[in-house]
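Reader: Please pick one part of this model and go through it closely, with the cut-offs behind each term. I would like one connected account.

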Amino acid sequence: MRQVHEPPGPLRAEPGVAIRSITGTVENLPLAADKNTAGMAVLALCRDAAGAHSEALHHDEVAAYLDPDFAMPHVHRGLLLRRLGQRDAARRSLVQAHAL
């Protein structure tokens, strides 16, 4: 049976704790675009988990801007937009991700 590893207690139980932790880490990174891109993509996932969808979309857009060839923010944005009922925008994001 495959084991599923879960994050430590506070990160699993409270998305806000994870967001604060990751935000602090991202803010302290050097301005190298590749590091901030990954940080923005992770923040988008955390914001989504916390129900802050507009902030999640913003972080996805920043990550995609910093590294246009990074598919993850396009995929997440597409899936989130589809859940929000914005099917045309979701399709564009997923097509962009697939092209990468």
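The model is predicted, so local features need pLDDT of at least 70 and side-chain atom pairs pLDDT 80 or more, while totals for chains, interfaces and linings use all residues. Numbering starts from 1 along each chain as its sequence is written, and side-chain values use heavy atoms, without hydrogens and water.

D60 lies in helix α4; helices are DSSP runs of H or I with at least four residues, numbered from the N terminus. D60 is buried, that is, under 20% relative accessible area with a 1.4 Å probe, protein chains only (exposed is over 50%, partly exposed in between). Even so, D60 has no salt bridge, meaning a side-chain nitrogen of Lys or Arg within 4 Å of a carboxyl oxygen of Asp or Glu. The nearest side chain of opposite charge, that of R77, is 6.3 Å away; Lys and Arg count as positive, Asp and Glu as negative, and His and the chain ends are not counted. Beyond four places in sequence, D60 touches A44, P73, H76 and R77, where contact means heavy atoms within 4.5 Å.

H59 is also in α4 and counts as buried because its relative accessibility is 12%. Leaving out residues up to four places away, H59 touches M40, L43, A44 and R47. M40 belongs to helix α3, residues 33-49, and is buried at 16% relative accessibility.

P73 and H76, touched by D60, are among the buried residues of α5, as are H74, G78, L80 and L81. Helix α5 covers 13 residues, 71-83, and should span 18 Å at 1.5 Å a residue; its end C-alpha atoms are 19 Å apart, which agrees. That expected span is 1.5 Å times one less than the number of residues. After α5 comes G85, with a positive phi near 85°.

The largest nonpolar core has six residues: A56, L57, L80, L81, A89 and A90. Such a core is a set of buried Ala, Val, Leu, Ile, Met, Phe, Trp, Tyr and Cys residues joined through side-chain atoms within 4.5 Å. Two or more of its residues come from each of α4 (53-66), α5 and α6 (87-99). L81 contacts L57, Q86, A89, A90 and S93, neighbours within four places aside.
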